[in-house]
Amino acid sequence: MEKPPALAPELVSEFVRKAHSDINRVRELLAIEPRLVNACWDWGGGDFESGLGAAAHTGRREIALLLIERGARLDIFAAAMLGMLDVVKAALTAYPHAAKSLGPHGIPLLAHAKMGGEPARPVYEFIESLGQLQN
């Protein structure tokens, strides 16, 4: 089966940029090209970011939920920001050193939980309780 052509870089770049803050434009871009939902932009040096990654580190809950609803691949960073304690606990129980993983732009997992505000407080407290793993 032949694959369709790669997504236009300008479209991927705009999508990821807008996923930091502009839900209306994210909706418009997904209507134009639904495959953007899992597209990643390389900011350089291997700093890859998806729309979900952008929403997660900026605390844009509504954008993150829209993207997940449309088929975005949930990761531990988005789960932390969304306050999904059961998901984060399961991942870190299975792979404790994942607590030291860095998301887009080198932003730590704990910072993603902090961006989730009150709904993510239990996740923040759980990750913070792992203390020694954060160093």
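Predicted model: local features only at pLDDT ≥ 70, side-chain atom pairs only at ≥ 80, totals over all residues.
Residues are numbered from 1 along each chain as its sequence is written, and side-chain values use heavy atoms, with hydrogens and water left out.

The chain has eight helices and two strands. Helices (H or I, at least four residues) and strands (E, at least two) are DSSP runs, numbered from the N terminus. In order from the N terminus, the elements run α-α-β-β-α-α-α-α-α-α. The radius of gyration is 15 Å, close to the 14 Å that the globule rule gives for 135 residues, so the chain is as compact as a globular protein of that length. That radius is taken over C-alpha atoms, and the rule is 2.2 Å times the number of residues to the power 0.38. Along its principal axes, the C-alpha trace spans about 45 × 30 × 30 Å.

Of the 135 residues, 39% count as buried. Buried means under 20% relative accessible area, exposed means over 50%, and partly exposed is in between (1.4 Å probe, protein chains only). The accessible surface comes to about 7500 Å², and 56% of it belongs to carbon and sulfur atoms. These areas come from the Shrake-Rupley method with a 1.4 Å probe; for residues, only the protein chains shown count as cover. Among contacts (heavy atoms within 4.5 Å) with a separation of 6 or more, 60% are between residues 24 or more positions apart.

The next topic is the nonpolar cores. A nonpolar core is a set of buried Ala, Val, Leu, Ile, Met, Phe, Trp, Tyr and Cys residues joined through side-chain atoms within 4.5 Å. The largest one holds 23 residues, of which Phe 15, Val 26, Leu 30, Leu 36, Ile 63 and Leu 67 touch the most other members. At least two residues of this core come from each of helix H1 (9-18), helix H2 (23-32), helix H3 (51-58), helix H4 (61-69) and helix H5 (76-82). Leaving aside neighbours within four places in sequence, Leu 30 is in contact with Phe 15, Leu 36, Val 37, Leu 66, Leu 67 and Arg 70.

The remaining residues are in and around helix H7. His 105 lies in the loop between helix H6 (85-94) and H7. Although His 105 is not a glycine, it has a positive phi of about 65°, and at 35% relative accessibility it counts as partly exposed.

Helix H7 covers residues 109-115 and includes His 112. With a relative accessible area of 1%, His 112 is buried. Beyond its neighbours within four places in sequence, His 112 contacts Ala 56, His 57, Phe 77, Ala 80, Met 81, Gly 103, Pro 104 and Ile 107.

Met 115 also lies in H7, but is partly exposed at 40% relative accessible area. Not counting residues up to four places away in sequence, Met 115 touches Ala 56, His 57, Thr 58, Gly 59 and Met 81.

Gly 116 is in the loop between H7 and helix H8 (121-129), and counts as buried at 12% relative accessibility.
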